[in-house]
Every structure is written in structure tokens, then in C-alpha cells.
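Hi,

Here is the structure I promised to send over.

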Amino acid sequence: MAERMLKFTVVERSTPEKRPAEARSHDFHEIYRDFIDAKAAEQASRCSQCGVPFCQSHCPLHNNIPDWLRMTAEGRLEEAYALSQATNSMPEICGRICPQDRLCEGNCVIEQSGHGTVTIGAVERYLTDKAWEEGWVRPLVAGESRGQSVGVVGAGPAGLAAAERLVELGYKVTVYDRHDRAGGLLIYGIPGFKLEKDVVERRTRRLADGGVEFQLGFEVGRDATLPELKQRHDSVLLATGVYAARDLTVPGAGSEGVVPALEYLIASNREQLGDGAVEPRLSAAGKHVVVVGGGDTAMDCVRTAIRQGAESVTCLYRRDRANMPGSVREVAHAEEEGVVFEWLAAPKAITGEALAAAGVRAARMRLGPPDASGRQSPEEVDGADFELKADLVIKALGFDPEDLPANFQAEDLAVTRWGTLKTDFRSMMTSVPGVFAAGDIVRGASLVVWAIRDGRDAAEAIDRYLTAHAQAALMAAE
């Protein structure tokens, strides 16, 4: 092992080749090229194989990163893939869109020592793409039938991860989703330059081929209530995500030129999927675009606007670069592609007519005392307002839960004061017996990797619940 590993002192950190900004900013293809075999082995060999693997402990899925890096360095690629997918339902997706700089790579020991982190995400992506090419990704095989069924509401990462595990445990699984394709935000919310759609579609095809039934275009509350789904299935998992956009509360925010981020991204992704051209209201072509927000969704919007041919793209964020919640890498990509960032700036009004925005009046901000979360609170600087041209203003201020008790006609479904579903910490069950919840609808808007973790945990919790009930019924019958 020593001959193949611990090379971080003699091998420089290297990521896969990135396409030039002037080339990639005109299409929606992923911006990184693939690692070649030798490069992946070389970069994996930089791992220090440390005694306490902080990369693993800071991964929500606790992936066995040091071991599959070692196997990659040794050329044992099929074994490395098998170990990688043992704890992760979608390793190639996490390799592409996880904020590794805040999770595994950000806590890499050699990163802390100043040698530059191991490129864990790129190796993870390489391994699984290689597995698909070589046929190492095995079909989903159902476990011995339990004679019980589970309904999963939501075909996003939490729902898909749960469905996969439940099938392996022997349950009949039906996934319900309001959209016409499975994948949730992986399909409709994340642009192709970060995650090309065939990467998601091959995962959902594997589930369908393995026995998962998808009922798409199905809206709970319209096509069936939650109580009716409970009658159809032995258990139900709610993995709907959070889709209600937070609003701008400034004069002019109701203008037709002001649109929610998700509506904008869904329209763009649908066009890329071949569903027809984006309607003019949701297109950035030829427009001055201002995106309000500082998270990853804001970065998706600014970079999409560049590719749609915007005249200019500006991101307004009320804190500074150091306090931005989005990925540092995404900010760098956006700047390379021509996005202008106005740090410490917040909108005060949308100017123009009722049917069309003409600009944004913004205030300069400074960071004051910490707020309840410990972050410094932004404060307006008096007399420092400025104007920006804006034909299209995109609200990327985050997402809140929809009113599921009302929408699902399940008034006994308890929610927290934030509107997320209230669940028992250990069992993951909601206030409705037999109904479980996982992902963003429980923890609030979060990361795909956490949704996968929650979905896998929920599947195990449902199995424990249904097994206990089956045993109780058997004992009662005796």
C-alpha cells in the first residue's frame, strides 16, 4: 500500500480538465471532462490513509472513502465501485453535485496540512461512470416477497433511495410524483451543466426494471388523498421535498418580470429535455438579468441565464463572499462565465411597469452583529443606494414546505412551526401511524446527499415497523 498511496507530497492536486468558459457558456453540457484511468489512479494515490478519516465522518452517508481510494490507486476498480455503491444509492450523482468543499474534501487531512485535498468527488464520479460503461452496475434484484406494499410520495433523491432499498427488502413499491419524469429536482431543478439528465434517467430506469412502479403526473390531494393512499398500501413514505419559493417583499415584486427560481429552472430544463421552447417571460435571451440570492440555486440561475444569451447577469447577495452559502466552486465557475457579483447588496424595489421590470434599486449593506444562527446580520448603509438594469429578476431566496396537511387532506398530519413534517426522531414516523417522512420535507431545504441518507434510513425504519406489525398479526392469529 505504501508504494501506491501517500503521494500527496510528490503529486499535485489535479481536477478533471474543465472546458474553457467561452466554450461551455454556450451549451448545457457538463463542464468537466472525464478522468482517464491513469489520472484517477494518480489522484487517488494522494490519499494519506489517515487513522481517523475525517472525509468519511463528514460525509452524511459515511462512505468508506479511504478504502475505495486505495482500491482505485491499485487498479481494483470494480471492487472500488462495489464499496462506493454499498453506502450510496447514487454515487455518480453525488460525485457531480455534492459540495465536497464543505463535506469530505473540506475535511481532508492533507487539505488541512496545506497539500491540497484529494479530489474525492471526481474519483467517485469516475468510478461509477466506469462501472456503467463496463457493466458492473448490476440490476436491482427484489428480495423475497413480504406480501406488503409501500407507497412513496415524491420521486426525488430521498424517495428513489428509499424505493431502491425497500425493493431489496422484499416490498412492492409504488412511487407517486406530480411531474411527468422521475428524479424530482435532479431532473427539473439542477441544470445539465452540473448534472446531465441521462445520468439521472439511467438510475430511474434501473429502478423501474427492478420492479418499482412509477405513477407520474400524480398529485396527492387531487388524484388521491393521503388517507386513500394509506388504504392502498401497508405504509406510506412522504418524500416530497420543499417547493414553495420564498418571496421578495419589496415594492414592485409582483411585476411579471419577477419570477421564482424554480419556475425559471424547470422551464429551462424542460427545453433541454425536448419539451419545447421556453416561453419569453422565462427566457433570459437578450435581457439584463438580476438574480437575488446567494445559494446554489442562485448559482444555477445565473449560469443558466448566461447560456440562454443574457445581455448581462448580476447576482445580488446581502452578505459578503466569505458568508455566501453556495459552493465556492460554483461562484468561481459563474465568474469565469461572465456573471457579475454585487456583494453586500440587497434589493429595495423593482422599478418599471406592472407587466415588465426595468431595473432594481438596491441598497449597500454591511455586516453587523451576529444573528440567532451566529452569522453576522446584514445592515443597510444609509445613502448608498444604486440602480441596476433588469428586464428579468429571478428570486432565489430559498424554499419552504407546502401546506401538506391541507393539500393532502390529512389534517392530523402534524407539522413544525417551520411547516416541515414533524416526525419521531428514532422511527421517522409522522403523527399519522404508518406514514413516514424523509428528506427536505423533514429537515428543510438541504443537500441531495442528506436526502439519500434520509431515504435509506426511512426504508429501514419502515421495514422495522412492518415486520413488527406482521409478527404481531401472526401472534394474534395463533
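Are H14 and H15 roughly parallel or roughly antiparallel to each other? Before I get to that, the ground rules: this is a predicted model, in which local features need pLDDT of at least 70, side-chain atom pairs count only at pLDDT 80 or more, and totals for chains, interfaces and linings use all residues. Residues are numbered from 1 along each chain as its sequence is written, and side-chain values use heavy atoms, with hydrogens and water left out.

Now the helices. Two packed helices are described by the angle between their axes and the distance between the axes. Axes are lines fitted to C-alpha atoms, for helices over the stretch in contact, and the angles run from 0 to 180 degrees between N-to-C directions.

So, back to H14 and H15 (residues 328-336): their axes cross at roughly 20 degrees and come within 10 Å. H14 and H15 are therefore roughly parallel to each other. On this scale, angles under 35 degrees count as roughly parallel, over 145 as roughly antiparallel, 65 to 115 as roughly perpendicular, and the rest as oblique. The crossing of H14 past H15 is left-handed, a term used if the near helix is turned anticlockwise from the far one by less than a right angle (right-handed if clockwise). On the H14 side, Asp296, Met299, Asp300, Val302 and Arg303 meet Glu330, Val331, His333 and Ala334 of H15, where contact means heavy atoms within 4.5 Å. By class, the residues of this contact of H14 with H15 are 4 nonpolar, 1 polar and 4 charged. In that scheme Ala, Val, Leu, Ile, Met, Phe, Trp, Tyr, Cys and Pro count as nonpolar, Asp, Glu, Lys and Arg as charged, and the others, Gly among them, as polar.

H14 (residues 296-307) also packs with H13 (residues 261-272), at an angle of about 45 degrees and with the axes 10 Å apart. H13 and H14 are therefore oblique to each other, and their crossing is left-handed. Ala261, Tyr264, Leu265 and Ser268 of H13 make the contact with Thr297, Asp300, Cys301, Thr304 and Ala305 of H14. The class count for H13 with H14 is 5 nonpolar, 3 polar and 1 charged.

Another pair is H2 (residues 37-44) and H4 (residues 65-73), which pack at about 135 degrees with their axes 7 Å apart. That angle makes H2 oblique to H4, and H2 passes H4 in a left-handed crossing. Ala40, Ala41 and Ala44 of H2 meet Leu69, Thr72 and Ala73 of H4. Here the contact has 5 nonpolar, 1 polar and no charged residues.

What about the cysteines? The structure holds 0 disulfides, a disulfide being a pair of cysteine sulfur atoms within 2.5 Å. Cysteine 59 is in no disulfide, and the nearest cysteine sulfur, that of cysteine 104, is 6.5 Å away. Cysteine 59 is buried, at 9% relative accessible area (buried means under 20%, exposed over 50%, partly exposed in between, with a 1.4 Å probe and protein chains only). For cysteine 301, the closest cysteine sulfur is in cysteine 315, 9.4 Å away and too far for a bond. Cysteine 301 is buried too, with a relative accessible area of 0%.

- Leucine 6 has a phi near 60 degrees, a positive value in a residue other than glycine. Leucine 6 sits in the segment before H1 (21-24) and is partly exposed at 37%.
- Glutamine 409 has a positive phi as well, near 55 degrees. Glutamine 409 lies in the loop between H16 (404-407) and S16 (435-437) and is partly exposed at 46%.
- Glycine 170 is in the loop between H9 (157-168) and S2 (172-177) and counts as buried at 7%. Leaving aside neighbours within four places in sequence, glycine 170 is in contact with Gly143, Glu144, Ser145 and Arg146.
- Arginine 453 lies in H18 (residues 448-477) and is partly exposed at 25%. With neighbours within four places in sequence left aside, arginine 453 is in contact with Pro60, Leu61 and His62.

Cheers

Definitions and conventions
Helices (H or I, at least four residues) and strands (E, at least two) are DSSP runs, numbered from the N terminus.
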